[in-house]
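Me: I have a structure open and want to go through its side-chain contacts. Can we start with the aromatic residues?

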Amino acid sequence: VDQISKAIDFFKENDPNKAASLMREFSKRVVRNKDPKVLKEWIAHYDDPRMQGAAAGKVIESGTVDKDPITAAEFAWSLDEGKPRRTALSAAYARLAGGVNGHDPSVTATQLVEMDKGADRDFALNGFAHGLVHKDPDAALEWANEISNEGFRKVVTKNISRRIQKERPKAQGVE
């Protein structure tokens with residue numbers, strides 16, 4: 001971990017894009033099944049929001065907290081406001097919508113309805129909508145349309161519509 005952290009620090013100074021890429025790759029492959037508290041401290045070590053966001057999203061996507069998927073959302077909410085939290089919220093709510101480890105997405109849906117509108121909720125909705133695409137494409141679009149930021153809503157609904165178009169022919173047995 002120390003050697004990888006040194007490599008990330010080196011690239012952070014010389015090539016920030018390469019550093020973020022390395023952080024995502026490292027997070028995805030190496031931190032699996034580590035204690036979320038330790039991971040949060042490791043992510044906080046990097047004061048660059050891009051680096052924190054890259055790591056936080058991949059930590060959750062890697063399945064590190066899949067044994068208790070609610071922990072993914074708690075982990076995301078525990079991060080500092082801004083890009084790291086929002087990236088992690090999208091990843092966490094996608095896992096919850098996907099029903100990881102038997103989680104009931106309707107419980108999460110109720111929580112989303114009760115959240116105050118704002119950027120954090122919008123990113124949680126983004127993840128939730130993306131997580132529903134395979135199971136319930138129509139609901140995925142409905143959730144995406146709940147995003148309060150108009151520009152972000154348009155991007156998310158467009159992306160989800162593309163994913164649905166790719167999936168539907170396969171599901172219906174059409175070319």
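Reply: Phe128 has a relative accessibility of 2%, so Phe128 counts as buried (under 20% relative accessible area; exposed is over 50%, partly exposed in between; 1.4 Å probe, protein chains only). This is a predicted model, where local features need pLDDT of at least 70, side-chain atom pairs count only at pLDDT 80 or more, and totals for chains, interfaces and linings use all residues. Residues are numbered from 1 along each chain as its sequence is written, and side-chain values use heavy atoms, with hydrogens and water left out.

Me: How many aromatic pairs are there in the whole structure?

Reply: The search finds 3 aromatic pairs. Rings of Phe, Tyr and Trp (its six-membered ring) pair if their centres lie within 6.5 Å; planes under 30 degrees apart are stacked, over 60 edge-to-face, and the rest tilted. One of the pairs is Phe128 with Trp143: the centres are 5.2 Å apart and the planes at 80°, so this pair is edge-to-face.

Me: Which helices do Phe128 and Trp143 lie in?

Reply: Phe128 is in helix α8 (residues 119–132) and Trp143 in helix α9, so the pair ties together parts 15 residues apart in sequence. Helices here are DSSP runs (H or I, at least four residues), numbered from the N terminus. Trp143, at 16% relative accessibility, counts as buried.

Me: What else is buried in α9?

Reply: In helix α9 (residues 137–144) the buried residues are Pro137, Ala139, Ala140, Trp143 and Ala144. Seen down the axis of α9, they fall within an arc of 160° (taken from the directions from the helix axis to the C-beta atoms), so they line one face of the helix.

Me: Which residues touch the most other members of the largest nonpolar core?

Reply: Tyr93 and Trp143 do, in a core of 46 residues. Such a core is a set of buried Ala, Val, Leu, Ile, Met, Phe, Trp, Tyr and Cys residues joined through side-chain atoms within 4.5 Å. Helix α6 (residues 83–97) gives the most to this core, with 7 residues.

Me: And what does Tyr93 touch?

Reply: Not counting residues up to four places away in sequence, Tyr93 touches Ala73, Trp77, Thr108, Leu112, Met115, Ala124, Gly127 and Phe128 (contact means heavy atoms within 4.5 Å).

Me: Switching to charges. How many salt bridges are there?

Reply: The count is 3 salt bridges, each a side-chain nitrogen of Lys or Arg within 4 Å of a carboxyl oxygen of Asp or Glu. Arg85, Arg86 and Asp120 are linked in a network of them.

Me: Where is the salt bridge of Lys154?

Reply: Lys154 meets Glu150 in a salt bridge (3.3 Å, N to O). Both lie in helix α10, 4 residues apart, about one turn of the helix. Lys154 is exposed, with a relative accessible area of 52%, while Glu150, at 47%, counts as partly exposed.

How values were computed: Helices (H or I, at least four residues) and strands (E, at least two) are DSSP runs, numbered from the N terminus.
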